[in-house]
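Student: Could you walk me through this structure, starting with its pockets and then moving on to its salt bridges and backbone?

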Amino acid sequence: MKQPVTELDARFSEQSAVATDWEETRRALERAEMFWISTVRADGRPHVTPLVAVWLEDAIYFATGPGEQKAVNLRANKNVTLTTGCSEWERGLDVVVEGEAVQVTDNSVLEHLAETWATKWDGRWHYDVHDGGFRHGGGSGEILVFSVKPVKVLSFTKGTFGQTRHRF
C-alpha cells in the first residue's frame with residue numbers, strides 16, 4: 001500500500017494537536033477487537049451494526065451471512081464506513097475508514113484470512129474455507145467475506161483533541 005497523504009485538520013483540532021501518523025493509525029486498526037459498519041439500505045436509510053474484523057495487508061476484512069442486512073445492502077451499494085475506537089472522552093484514538101466492500105472469493109486468500117481470524121481471536125473465531133467463502137468451524141451455512149481498502153481514514157485523538165485525515 002502506498003503511504004497516504006496525512007494532514008491535521010485544524011478546523012477540528014486544538015491548537016496544540018499534532019497529526020496522528022499513519023503507523024499509529026494502522027496499529028489501532030490491527031489491534032481493534034470491535035468495529036461498527038455502516039451501510040445504506042435500498043430506501044436510503046442507514047444501517048449500522050457491530051462486527052469483528054481483521055486488518056491484513058492494507059485492508060479490513062469482515063464476514064457476514066448472505067441474508068444479514070449488511071450483505072443485502074452491499075448488493076446495491078458497496079460503499080461502507082467502518083469505525084473503531086475507545087468510548088472514553090479523555091483518552092484513546094477513534095478511527096473511521098471509508099471505502100468500498102468487495103467480496104473475496106479466492107480460496108488462497110480466504111485460507112490466509114481464516115488463519116488470521118483464528119490467531120487474532122485465540123481460536124474463538126474459527127472459519128473453514130468452503131466454495132469461495134467461510135463456514136464456521138464444523139458448521140454449515142454460507143458466510144461471505146468482504147475486503148475494504150481504505151480511500152480515506154480519519155483518526156481522532158483525545159485528550160489533546162485532533163483530527164487527522166489520511167488520503168490514499
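**The largest pocket**

Tutor: The largest pocket has a volume of about 150 Å³. On a 1 Å grid over the protein atoms alone, a pocket is an open set of points where a 1.4 Å probe fits, with protein on both sides within 12 Å along at least five of seven lines, and lining residues have an atom within 4 Å of a point. Grid points are joined across faces, edges and corners, and the volume is the space filled by probe spheres set on those points. This is a predicted model, in which local features need pLDDT of at least 70 and side-chain atom pairs count only at pLDDT 80 or more, while totals for chains, interfaces and linings use all residues. Residues are numbered from 1 along each chain as its sequence is written, and side-chain values use heavy atoms, with hydrogens and water left out.

Student: Which residues line the largest pocket?

Tutor: The lining consists of Pro50, Leu51, Val52, Ala63, Thr64, Gly65, Glu68, Lys70, Trp125, Tyr127, His136 and Ile143. The elements that give two or more residues to this lining are strand 3 (46-51) and strand 5 (59-64), where strands are DSSP runs of E with at least two residues, helices are runs of H or I with at least four, and both are numbered from the N terminus.

Student: How do the residues of that lining divide into nonpolar, polar and charged?

Tutor: Seven are nonpolar, three are polar and two are charged. Here Ala, Val, Leu, Ile, Met, Phe, Trp, Tyr, Cys and Pro count as nonpolar, Asp, Glu, Lys and Arg as charged, and the others, Gly among them, as polar.

Student: Take Leu51 from that list; is it buried or exposed?

Tutor: Leu51, which lies in strand 3, counts as buried because its relative accessibility is 6%. Buried means under 20% relative accessible area, exposed means over 50%, and partly exposed is in between, with a 1.4 Å probe and protein chains only.

Student: Switching to salt bridges, how many are there?

Tutor: The count comes to 10 salt bridges, a salt bridge being a side-chain nitrogen of Lys or Arg within 4 Å of a carboxyl oxygen of Asp or Glu. One of them joins Arg165 and Asp9, whose closest N and O atoms are 2.7 Å apart.

Student: Where do Arg165 and Asp9 lie?

Tutor: Arg165 lies in strand 11 (residues 162-167) and Asp9 in the loop between strand 1 (5-8) and helix 1 (22-31), so this pair ties together parts that are 156 residues apart in sequence. Both Arg165 and Asp9 are buried.

Tutor: Asp94 forms a salt bridge with Lys158, with the closest N and O atoms 3.1 Å apart. The pair links distant parts of the chain, 64 residues apart, with Asp94 in strand 7 (residues 93-103) and Lys158 in the loop between strand 10 (144-157) and strand 11. Asp94 is partly exposed because its relative accessible area is 23%, whereas Lys158 counts as buried because its relative accessibility is 14%.

Student: And which residues are joined into one network by shared partners?

Tutor: Salt bridges that share partners join Glu7, Asp9, Arg11 and Arg165 into one network.

Student: Backbone next: what is the phi of Asp58?

Tutor: Asp58 has a positive phi of about 75°, although it is not a glycine. Asp58 sits in the loop between strand 4 (53-56) and strand 5, and it is partly exposed because its relative accessible area is 23%. Asp131 also has a positive phi, near 50°, and is a residue other than glycine. Asp131 lies in the loop between strand 8 (127-129) and strand 9 (134-136), and a relative accessible area of 66% is why Asp131 is exposed.

Student: Last topic, the surface: which residues form a nonpolar patch there?

Tutor: Met34, Trp36 and Val48 form that patch, with about 290 Å² of accessible area together. Patches are made of residues with over 30% relative accessible area and no salt bridge, like charges being joined within 9 Å and nonpolar side chains (Val, Leu, Ile, Met, Phe, Trp, Tyr) within 5 Å. Accessible areas come from the Shrake-Rupley method with a 1.4 Å probe, and for residues only the protein chains shown count as cover. Trp36 is found in strand 2 (residues 35-40) and counts as partly exposed because its relative accessibility is 42%.
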